Structure formats: C-alpha cells, structure tokens
Amino acid sequence: MQYVILIGLMICVNVFSSDFKLLTSLTNSGDYSGGIRYVKSAKEVIDFGVSYDETQDNASPGYWVDYYHGYFGGMISAPANQRPMYSLMFAAEGELSSTVGLGIGCRLLDLQKHRKAKAFTSWDAYLVISI
C-alpha cells in the first residue's frame, strides 16, 4: 500500500511540476530569500516564500506572497517581527537556459500601517528554476 501511495505521489508531482518553479535571491535585499512560483498562465504567476532573519533577537519567520500579471504585480510581505507591507511591484525576466530564468524586481510603492508611503525602496535579482 505504501508503494502505491508513493508512486501516485510521484505521478502527481511529475504531471504538475511544469506549473511550479523554485525562486532564489541573488542579492541580500531580504525581499525574496527563496520561494515557490505557481505559473497560472503565460502572463500570470503567484509566488510565495518564507524568510527568517537569525540576526534578530526573538526572531520569527516572515513571509511574502505576490501576484504578477505581465510586468506589474502586487505583493504582501511581513518580514520577521514587522507589520505587513503592501507593495506595487515591477519585474522583468529572461531565460538563461531552458530550465533557468533570471529576473529583477523592484518595489515601486510601499504602504504600511502607521507609516508614510515610500517609493522605490528596494530591488532584488533572482533565479527562476524549473522543477
């Protein structure tokens, strides 16, 4: 029975793996330390990741999730021990090979409760790797 479940799981992963990709940051900006991408369509993607800053006292995990349609998207992020931030994003990507892409994204506008809106606060270069 265990082998049937394992084989079924492997088939599901292989069938749906083209819809999922891995993300990893090339910079130290803290925006996208790493995550998973779901490719909804040729123009739409949803990314999700967890971040953890071990240099902070009483550090807790943070998260980020974004949705892009073409070059523009929105992101909700909550770095460790901070309030959620809502961002208008821009990103452009290209292919390095058939399985690896390179992207660069920047925050156009950040909104956070009890703080002034900020523009162009950070950027990040990242790799998109097919599973």
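Reader: Which residues does Ala-91 touch, not counting residues up to four places away in sequence?

Author: This is a predicted model, in which local features need pLDDT of at least 70, side-chain atom pairs count only at pLDDT 80 or more, and totals for chains, interfaces and linings use all residues. Residues are numbered from 1 along each chain as its sequence is written, and side-chain values use heavy atoms, with hydrogens and water left out. A contact means heavy atoms within 4.5 Å. With residues up to four places away in sequence set aside, Ala-91 touches Tyr-68, Tyr-71, Ile-104, Gly-105 and Tyr-126.

Reader: Which residues make up the largest nonpolar core?

Author: A nonpolar core is a set of buried Ala, Val, Leu, Ile, Met, Phe, Trp, Tyr and Cys residues joined through side-chain atoms within 4.5 Å. Buried means under 20% relative accessible area, exposed means over 50%, and partly exposed lies in between (1.4 Å probe, protein chains only). The largest such core has nine residues in all: Leu-23, Val-45, Trp-64, Tyr-68, Met-75, Met-89, Ala-91, Tyr-126 and Val-128.

Reader: Which strands each supply at least two residues of this core?

Author: Helices (H or I, at least four residues) and strands (E, at least two) are DSSP runs, numbered from the N terminus. The protein has one helix and nine strands, in the order α-β-β-β-β-β-β-β-β-β along the sequence. The strands that each supply at least two residues of the core are β4, β6 and β9 (123-130).

Reader: How many aromatic pairs does a search of the whole structure find?

Author: Rings of Phe, Tyr and Trp (its six-membered ring) pair if their centres lie within 6.5 Å; planes under 30 degrees apart count as stacked, over 60 as edge-to-face and the rest as tilted. A search of the whole structure on these terms finds a total of three.

Reader: What is the angle between the planes of Phe-20 and Tyr-38?

Author: Phe-20 in strand β1 (residues 20-25) and Tyr-38 in strand β2 (residues 34-39) are 18 residues apart, and their pair links distant parts of the chain. Phe-20 is partly exposed at 34% relative accessibility, and Tyr-38 is partly exposed at 32%. The pair is tilted, with 5.3 Å centre to centre and an angle between the planes of 50°.

Reader: Why is the pair of Tyr-71 and Phe-90 classed as it is?

Author: The ring centres of Tyr-71 and Phe-90 are 5.9 Å apart and their planes lie at 25°, so the pair is stacked. Tyr-71 is in the loop between β4 (62-69) and β5 (72-78), while Phe-90 is in strand β6, 19 residues apart. Tyr-71 is exposed at 52% relative accessibility, whereas Phe-90 is partly exposed at 28%. The class rests on the angle between the planes, 25°, and its name is therefore stacked.

Reader: Is Leu-96 buried or exposed?

Author: Leu-96 is placed in the loop between β6 (85-95) and β7 (100-112). Leaving aside neighbours within four places in sequence, Leu-96 is in contact with Gly-101, Leu-102 and Leu-127. Its relative accessible area is 57%, so Leu-96 is exposed.

Reader: With which side chain does the side chain of Ser-25 make a polar contact?

Author: Ser-25 lies in strand β1 and is buried at 18% relative accessibility. A polar contact is a pair of N or O atoms within 3.5 Å; within protein, one must be able to donate a hydrogen and the other to accept it, and residues adjacent in sequence count only if both atoms are side-chain atoms. At 2.8 Å, the partner of the Ser-25 side chain is that of Asp-124.
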